[in-house]
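Open the model in your viewer and keep the selection tool at hand.

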Amino acid sequence: MLRVHHSMESAAPASCEQTEKAKKYDRQLRLWGDHGQSLLEIGHVCLINASATGTETLKSLVLPGLGAVTIIDDAKVAHQDTGNNFFVDLASIGRPRGEVALRLLLELNPEVRGTFVDQPLQEILDNQPEFFTPFTCVIATCLPESTLLTLSKVLWDAKIPLVVVRSYGMIGYIRIQIEEHTVIESHPDNEIPDLRLDRPFSALEKYMDSLDLDAMDDKEHSHVPYVVILYKFLQKWNQEHGAPPKNYKEKKLFIQLVKTGMREKESGENEENFDEAVKAVNTSLLPTSIPSGVQTLLNEAANITPSPTTKPFWIMARALHEFVSSEGRGVLPVRGTIPDMTADSEKYIKIQSLYRDQAAQDADWVLRRVQEHSQQLGPRKVMPSLENDVKNFCKNAHALRVIKGKPIVEEYKGSINLSEIGAHLENPESDLVWYVMLRAVDQFHSEFRAYPGYFQDQVETDIVRLKVCVNRLLADWGCGPIVKDDFIHEMCRYGASEVHSVAAYIGGCAAQEVIKIITAQYVPINNTHIYNAIAATSGTFML
Amino acid sequence: MAVEWGARWVEVRKLLERPGPFTHPDFEPSPDTLKMMQENIRVLVIGAGGLGCELLKDLALMGFTNLHVVDMDTIDLSNLNRQFLFRKKDIGRPKAEVAAEFINQRIQDCHVTHYYNKIQDFDDEFYRSFHLVVCGLDSIVARRWINGMLLSLLCYEDGMLDQSSVIPLVDGGTEGFKGNARVILPGLTSCIECTLDLFPPQINFPLCTIAHTPRLPEHCIEWVRLLLWPKENPFSEEMPIDGDDPHHLSWIFEKAQKRAAEFGITGVTYRLTQGVVKRIIPAVASTNAVIAAACCTEVFKLATSACTPMNNYCVFNDSDGIYTYTYEQEKKEDCVACSQVPQELLVSPSDKLQDIIAILTDSLRYQMKKPGLQAMVDGKTKSLYLHSPASIEEKLRPNLKKTVEELGLRDGIEIAVADVTSPSTVLFKVKLKK
């Protein structure tokens, strides 16, 4: 499929021969660019437990070129590992699992560095919690509840993102614990163009006023960019109605008005640019506004007091807010890019450059304010890329995203959104019930030192015990015993089995979440994802 | 040894040896199921690339031991960011061969047989020998072909489908952060052709834009590819563009930059040039891992009944959070491939043969590539137009301009159409417009 240009390449002069690395990573560089790749390559991820789920997660991080990995695992490779884990082999049975998995994972990409630690996690948590400081992100799997909660606290305090990933029978689970994650390049799938037809900036107005559609010959007329057509007819409409078309009825009338300007082509077909104008009416006549998520972000920025420890994102957000309140007159900087439009090259490029110039001007105002703040904060690292960073920030202003998370330890101590839980549990289509089951089996394990149904001959008796755990949990949350027996029976059936296809699925998902966190591009989940391989469904919940 | 085997497969055995409320109605928990699966079930994996490597690993680690993999490609450097069974030293070797080698070496119980072939190299006897087919293809044409092949294997007795002739097809596809997985039971559920109009063909830029009014860097690159290269033949006469040859790409890149400079267009880069010329689709390890895993889970369910299969189409997108949507794609009542409904060609007596061919190639419904047409006229087969061999094509070419009337195509006459998109011919009945 032909893709329209996004600037994904570094400013360095493009040599016609790509480096070997650029060739190898070509397919992914088209998704997160050289700058995203650079961040990935300085990333250092720690995996706790090289089980099937753990190694499947790490696999999709090593392949794209993560900088370094550290595996903490005190298990030895057992027979059952050879039946679900690709990164062990028969010859290594009995050896430290972290060592074996590391070796077989690093083989996938010679550029990745790695170490393994053959030590119980609890020991490290108890004696050297600072061990985790160098990590960009920690991935944890197969942890009993008590250890998980300790880890959760240590990493929350150290402000290191934690991604918990599990596969349990036919169920997959991901939980992201991150205090605050900001995204400038969120790459939204659908974007409404920023054409400013409701408030054209003066240079745009001047240029479009200089064009006289009626005076053009047929060829020129059919090559006028549709934004000009909409501008002209909007003027006509406003003269008559006093305000732009607001509702469906008025938009229909407006479209009819636009069509009066169409000239018939020799071939009998419509002028394409007028067809485009008609198609664009629904989105292009919306008043320029700030998306609500961004407005919330700006409101928060307005209330912060910049200090030497304030993240650059928030300094820029603050400057953006100030711009919006003054030079911007209530709206964001002009985005600067416009969709392709059937038009002659000259007019299109002229108009495109008008939007681009205005965007640069607006970004300049924001930059000045950022510099003001930086100066007031005293000597600060001079960022050589500041101008580009601000430009990029402004270009993406409409799609900025902020994720604010909660620590797992808080979730487990009972401050879950109770109304949400109940509603989901009553809904037969919701997968939240599996979250309840995972919590319940963890409680079971805390109590009985084994997972329900782990042993064949205990499946039946464990069903009864698990049901007690489930109902106790629900009672803690203020819910009645509303989980059907089927789910309890199914969890006992699983007996904490880790089957490869489920591990591979959830591992792939988790790896991409880690990449999102490291590259700060695209948007991570917030904060819990459940995969149900029985029905091939999934759900994301904020817990 | 038996103890080791039992211990090795303990995880999967829990799903196969224990009853549960969500199993398929046919399921019977048994300690023999895994053994039986390993001794008897033959699975065909089509493609040994991004999805194929993952599929082989996943199937092997779910207990399948009798795997066959077909792929017509060799390994390239740009594959190595996700096709993890390959190493730098393998570049240039056939994918199917290297993939099989790796899996066989890493997972002792598994035996993968490889074929460095196109799927079209095999006949119905080959495909009939499999219990399940799973695809990790990057081409819609190939998907349609295998879909047609499995449909052609169906047996009907007194109009009733013999269910034992149904070979399930699990199909996966990925593009960047998007993917989909579907379960097809040929003859019973929606097939590839049923959903053909969900995949409109690639839209190319209009030629007049490329030639006269370029606005985007892509237009400049296409101008070089489509117009300048055939004119200047920079390397040798009639040499086609090789998107993998850096010399070709460099030439196109420089000329595209010149063109862009003429019009004041910015943004022509080497990476963009390559992307446009090769129609590159971005790809990353994680999406392939997810979709292949989803497909493998379905193959496992179909082989063992341990659980009810996906019903029947799932889309995936993890660019913003993780989004999936699973729905039952319905069988198209008049599907060209899987319905028994005869296809009608509604034409006027004055329509030319080339107009009929245009319907077959351009409509969303048929999307054929190079259809060859033969008609049954008065009990005899009459070739209307065939693309090959060249001598026949030349002889039949004048027919393109002849009308339906001139060709003697009366109401009700059957036309058999052959095309790369299906291994079997499609029968059409002529219906004349009044």
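Start by selecting E107(A): apart from neighbours within four places in sequence, E107(A) is in contact (heavy atoms within 4.5 Å) with R87(B), F102(B) and R106(B). This is a predicted model, in which local features need pLDDT of at least 70, side-chain atom pairs count only at pLDDT 80 or more, and totals for chains, interfaces and linings use all residues. Residues are numbered from 1 along each chain as its sequence is written, chains are lettered from A and ligands numbered from 1 in the order in which they are written, and side-chain values use heavy atoms, with hydrogens and water left out.

E107(A) sits in the loop between α4 (97–106) and β3 (113–117) of chain A; helices (H or I, at least four residues) and strands (E, at least two) are DSSP runs, numbered from the N terminus.

Next, select α10 (residues 248–260) and α11 (residues 272–284) of chain A, which pack at an angle of about 165 degrees with their axes 10 Å apart. Axes are lines fitted to C-alpha atoms, for helices over the stretch in contact, and angles run from 0 to 180 degrees between N-to-C directions. That angle makes α10(A) roughly antiparallel to α11(A) (over 145 degrees). Show side chains: K251(A), F254(A), I255(A), V258(A) and K259(A) of α10(A) meet F274(A), A277(A), V278(A), V281(A) and N282(A) of α11(A).

Last, select α7 (residues 202–209) and α9 (residues 226–241) of chain A, packed at about 85 degrees with axes 10 Å apart. This makes α7(A) roughly perpendicular to α9(A) (65 to 115 degrees).

Conventions. Angles under 35 degrees count as roughly parallel, over 145 as roughly antiparallel, 65 to 115 as roughly perpendicular and the rest as oblique.
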